[in-house]
Amino acid sequence: MKLDSVLIVGATSAIAAATARALLGTCSTFVLAARNSERLNIIAKDLRSRGADAVLSMPYDALHDTDRDVVADTQQLLGTLPDAVLIAHAVLPEHDAIVHDAANAHQVLEINTVSVLALCTHVCRHFEQRGSGILAVISSVAADRGRRNNFLYAASKAALDVYLDGLRLRWSAHWPLLRVLTIKPGYVRTPMTAQLASMPLAARADDVGHSIAQLLRRGASGRYYIPWWWRVVMTVVRILPDRLVMLIRH
Ligand SMILES: NC(=O)c1ccc[n+]([C@@H]2O[C@H](COP(=O)([O-])OP(=O)(O)OC[C@H]3O[C@@H](n4cnc5c(N)ncnc54)[C@H](OP(=O)(O)O)[C@@H]3O)[C@@H](O)[C@H]2O)c1
């Protein structure tokens with residue numbers, strides 16, 4: 001698959017930034033969309049200093065730009081559609097603080113789910129018109145089973161998995177050059193998880209970024225757990241009875 005250019009939404013995320021670095025050498029043009037312009041500039045400068053040909057950035061706030069066609073904006077900037085789109089932004093709420101708070105829950109769903117699926121819809125339209133492209137979305141292993149201390153976040157990601165499963169089937173039936181990659185990391189040490197007391201089996205953002213870049217390079221399509229053995233862990237967690245899942249504290 002061609003991978004000269006990529007649009008990364010939520011580009012200031014630690015995992016997204018690590019993925020961008022790992023794509024250098026394959027990908028020469030980056031369009032970065034995020035809400036923190038200061039951090040975005042630092043990441044753009046770093047990619048340029050490491051050899052990227054072109055790094056363009058644009059503001060994007062999932063709460064205010066929910067329906068914005070960022071893919072069309074990218075096409076305007078580049079004069080062509082990007083070869084791949086990676087969607088990385090999300091929030092991990094403090095569960096106890098949010099479980100009775102509908103306004104906050106709504107905001108989490110707006111950022112993690114509604115804005116992401118709106119973006120996917122734009123990608124779908126543009127990529128189907130062109131007939132090629134890779135759509136990659138960062139979901140989570142958390143989506144595989146609701147647990148007592150994370151079920152809103154888990155639900156916000158599970159919707160992505162189901163949507164992407166269906167889109168993958170649609171594309172594999174009619175568009176052989178379109179790919180849908182659902183990325184499901186386990187625990188990763190990033191600013192998102194900095195407040196968690198313990199993170200069993202946690203990975204480094206750089207290692208996760210490398211794995212995502214590898215999947216993009218080979219045009220992979222499917223649900224991918226990172227590291228791979230989370231697939232085995234979550235297969236077990238999915239079939240455990242509630243009384244055992246109750247005991248999982250993380
Ligand atoms: N870390 C883990 O253990 C883990 C595990 C599984 C899946 N994931 C997923 O991996 C992805 C990347 O997360 P990360 O671990 O790299 O954490 P991170 O560094 O905290 O990144 C989260 C990103 O989301 C952005 N964001 C939050 N609200 C936004 C909004 N309203 N509009 C636009 N952007 C917004 C943040 O932007 P600001 O910089 O402006 O805040 C930040 O760039 C997320 O989808 C996360 O759910 C993470």
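## Strand E1 and its partners

In this predicted model, strand E1 (residues 5–9) runs parallel to strand E2 (residues 29–34), and five bridges join the two. Between the two strands the chain passes through helix H1, and the β-α-β crossover made by E1, H1 and E2 is right-handed. E1 is also joined to strand E4 (residues 84–87), again in parallel, by four bridges, and here Ile 8 stands opposite Leu 86.

The side chains of a regular strand alternate between the two faces of its sheet. In E1, Ser 5, Leu 7 and Val 9 point one way, whereas Val 6 and Ile 8 point the other way, and residues on both sides are buried. Because five of the five residues of E1 are buried, the strand is largely enclosed by the rest of the structure.

Nonpolar side chains tend to be buried together in soluble globular proteins. Here the largest nonpolar core contains 63 residues, and those with the most contacts inside it are Ile 8, Val 9, Ala 11, Leu 32, Ala 33, Leu 135 and Val 137. The element that gives the most to this core is helix H1 (residues 14–23), which supplies eight residues.

Val 9 shows which parts of the chain meet around one of these positions: leaving aside its neighbours within four places in sequence, Val 9 is in contact with Ala 33, Tyr 60, Val 70, Ile 87, Ala 88, His 89 and Leu 119.

## Helix H3

In helix H3 (residues 70–78), the buried residues are Val 70, Val 71 and Thr 74. Seen down the helix axis, these buried residues fall within an arc of 100°, so they line one face of H3. They pack against the strands E1, E2 and E4, and also against helix H5 (102–130). Just after H3 comes Gly 79, which takes a positive phi of about 80°.

## Helix H7

Helix H7 (residues 205–217) has 13 residues and reaches 18 Å from its first C-alpha to its last, a span close to the 18 Å expected at 1.5 Å a residue. The buried residues in H7 include Ala 205, Val 208, Gly 209, Ser 211, Ile 212, Ala 213, Leu 215 and Leu 216. An α-helix has 3.6 residues a turn, so residues three or four places apart point the same way. H7 is followed by Gly 219, whose phi is positive and near 60°.

How values were computed:
Residues are numbered from 1 along each chain as its sequence is written. This is a predicted model: local features need pLDDT of at least 70, side-chain atom pairs count only at pLDDT 80 or more; totals for chains, interfaces and linings use all residues. A nonpolar core is a set of buried Ala, Val, Leu, Ile, Met, Phe, Trp, Tyr and Cys residues joined through C-beta atoms within 7 Å. A residue is buried if 20 or more other C-beta atoms lie within 10 Å of its own, exposed if 12 or fewer, and partly exposed in between; C-beta atoms are placed from the backbone. Two residues are in contact if their C-beta atoms, placed from the backbone, lie within 7 Å. Two strands pair if DSSP finds at least two bridges between them. A crossover is right-handed if, with the strands pointing away from the viewer, the path from the first strand over the helix to the second runs clockwise. The expected span of a helix is 1.5 Å times one less than its number of residues. The arc is that of the directions from the helix axis to the C-beta atoms.
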